[in-house]
Amino acid sequence: MKIADLGCSSGPNTLLVISHIVEQLSENKHVPKQLEVFLNDLPDNDFNNLLKLMSTNTKTNTNTKNNIECYIYGAPGSFYGRLFPSNSLHFAYSTSSIHWLSQIPQGLGKSNKENIYLTTTSPPQVFEAYSNQFERDFTTFLKLRGEEIRGGGRMVLELLGRSVADPTSKDEFKPISLLAETLSDMVAEGLVKEEDLHSFNIPIYAPSIQEIKTAIQSEGSFNLDKMEVALVALDANEDYNNHDNMVSDKNNMSSNFVANFVRAFAEPMLAAHFGSSINVDAVFDVYAKKMDEHFSVEGSSYFTPVISLTRKTMTD
């Protein structure tokens with residue numbers, strides 16, 4: 001059985017899904033006992049560290065007591081291109097990756113000014129540019145995976161989504177908004193050039209449920225079996241099943257944790273766009289304080305669609 005993790009990253013979280021899959025397969029007497037797992041991410045991902053983690057994990061190596069022989073390989077490359085031979089995969093999954101676009105939407109220029117992403121103040125042409133880029137990218141992704149996954153094979157996707165159709169009606173991604181506020185403050189203090197900020201946009205898009213369904217149906221390679229939505233707490237200390245914990249003392253919130261999380265994906269983009277003119281440490285010191293203030297007023301969560309798909313067969 002061949003499985004692909006699309007957008008695997010390089011940390012210990014990658015082990016969690018694979019370990020769970022191995023455990024589930026070990027309980028099923030009717031599945032093959034040899035498992036090939038392909039870990040895919042961009043070429044600059046730290047595959048060496050990832051494979052070292054895999055080699056020391058007793059639930060993913062070939063000596064497991066579950067009698068599953070698990071062979072793990074790195075598969076560098078963009079999932080917006082072909083990665084595997086035709087009809088070779090039985091199962092593919094992706095967590096927290098598909099909302100990343102292949103590029104910054106074309107034609108934005110400085111029309112979004114300091115927003116750096118879609119917000120309630122973004123002009124209509126910015127929303128259209130982001131929406132069109134996501135439609136092109138997601139359609140390409142589905143088409144390519146349709147070529148690589150054999151008929152009847154499965155794919156599960158988890159990504160950042162949007163609970164409302166109109167992205168200008170509600171700010172659902174506060175971490176990005178607070179980063180934009182931080183950069184705007186630094187412009188006012190003369191620490192960042194205004195023209196640099198006005199031309200900076202992050203290539204990420206949180207689609208609505210309808211956008212996801214429409215793309216799947218229009219592309220046509222997969223049947224949509226099930227879609228569920230989860231609210232994932234932005235901070236690990238938040239409990240969204242307990243209303244009393246929705247607004248907590250800011251001392252109990254891990255604003256530094258969130259700042260480090262955002263820094264992990266934003267720092268390379270900031271460095272590439274602003275160059276040596278920006279002090280990244282100073283940016284995230286201010287950002288952590290803003291996040292602390294935000295947590296003192298309200299909690300935050302991600303609207304996260306989880307999608308289960310089946311590759312169509314000749315009879316579908």
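Student: How many aromatic pairs are there by this rule?

Tutor: The count comes to 16 aromatic pairs in this predicted model.

Student: How should I read one of those pairs?

Tutor: A pair of aromatic rings is described by the distance of the centres and the angle of the planes.

Student: Where in the chain do phenylalanine 79 and phenylalanine 141 lie?

Tutor: Phenylalanine 79 is in the loop between strand 3 (69-76) and strand 4 (89-95), while phenylalanine 141 belongs to helix 3 (residues 124-148). The pair therefore ties together parts that are 62 residues apart in sequence. Both phenylalanine 79 and phenylalanine 141 are buried.

Student: Could you show me another example?

Tutor: Gladly! Tyrosine 117 and tyrosine 130 also form an edge-to-face pair, with 6.0 Å from centre to centre and 80° between the planes. This pair links distant parts of the chain, 13 residues apart: tyrosine 117 sits in the loop between strand 4 and helix 3, and tyrosine 130 sits in helix 3.

Student: Are tyrosine 117 and tyrosine 130 buried or exposed?

Tutor: Look at the relative accessible area, where buried means under 20%. Tyrosine 117 has 6%, so tyrosine 117 is buried. Tyrosine 130 has 0%, so tyrosine 130 counts as buried too.

Student: Which residues do ring pairs link into a cluster?

Tutor: The cluster consists of Trp100, Tyr117, Tyr130, Phe173, Phe261, Phe265 and Tyr302.

Student: What lies over the face of phenylalanine 141?

Tutor: That is arginine 145, at 5.0 Å from the ring centre.

Student: Now for helices. How do I read two that pack together?

Tutor: Two packed helices are described by the angle between their axes and the distance between the axes. Take helix 3 and helix 6 (residues 209-219): their axes come within 10 Å and cross at roughly 45°. Helix 3 and helix 6 are therefore oblique to each other. The crossing in which helix 3 passes helix 6 is right-handed.

Student: Which residues of helix 3 and helix 6 meet?

Tutor: From helix 3 come Ser131, Phe138, Thr139, Leu142 and Lys143. In helix 6 they meet Glu211, Ile212, Ala215, Ile216 and Glu219.

Student: How do I read the surroundings of a single residue?

Tutor: Start with its place in the chain, then its accessibility, then its contacts. Glutamate 148 is in helix 3 and is buried, with a relative accessible area of 0%. Leaving aside neighbours within four places in sequence, glutamate 148 is in contact with Gly81, Arg82, Leu83, Phe84, Pro85, Ser86, Asn87, Ser88 and Leu89.

Student: What about a residue in helix 4?

Tutor: Threonine 182 is in helix 4 (residues 174-188), and its relative accessible area of 0% makes it buried. Beyond its neighbours within four places in sequence, threonine 182 contacts Val283, Val286, Tyr287 and Lys290. Serine 177 also lies in helix 4. Serine 177 is buried, at 11% relative accessible area. Not counting residues up to four places away in sequence, serine 177 touches Thr119 and Asp171.

Student: Is aspartate 316 buried or exposed?

Tutor: Aspartate 316 counts as exposed, at 55% relative accessibility. You will find aspartate 316 in the segment after strand 7 (301-311). Aspartate 316 touches Asn223 and Arg311, again not counting residues up to four places away in sequence.

Student: One more feature, please: how do I read a phi angle?

Tutor: Most residues other than glycine have a negative phi, and most peptide bonds are trans. Serine 9 has a phi near 65°, a positive value. Serine 9 is in the loop between strand 1 (2-6) and helix 1 (13-26), and is partly exposed, with a relative accessible area of 39%.

Student: What is the phi of serine 96?

Tutor: Serine 96 has a positive phi of about 55°. Serine 96 lies in the loop between strand 4 and helix 3 and counts as partly exposed, at 41% relative accessibility.

Definitions and conventions:
Residues numbered from 1 in each chain as written. Predicted model: local features only at pLDDT ≥ 70, side-chain atom pairs only at ≥ 80, totals over all residues. Heavy atoms only, no water. Helix = DSSP H or I, 4+ residues; strand = E, 2+ residues; numbered from the N terminus. Buried < 20%, exposed > 50% of the residue type's maximum accessible area, 1.4 Å probe, protein only. Contact = heavy atoms within 4.5 Å. Phe/Tyr/Trp six-rings, centres within 6.5 Å; stacked < 30°, edge-to-face > 60°. Lys NZ or Arg CZ within 6 Å of the ring centre and 35° of its normal. Axes fitted to C-alpha atoms, helices over the stretch in contact; angles between N-to-C directions. Parallel < 35°, antiparallel > 145°, perpendicular 65-115°, else oblique. Left-handed = near helix turned anticlockwise from the far one by under 90°.
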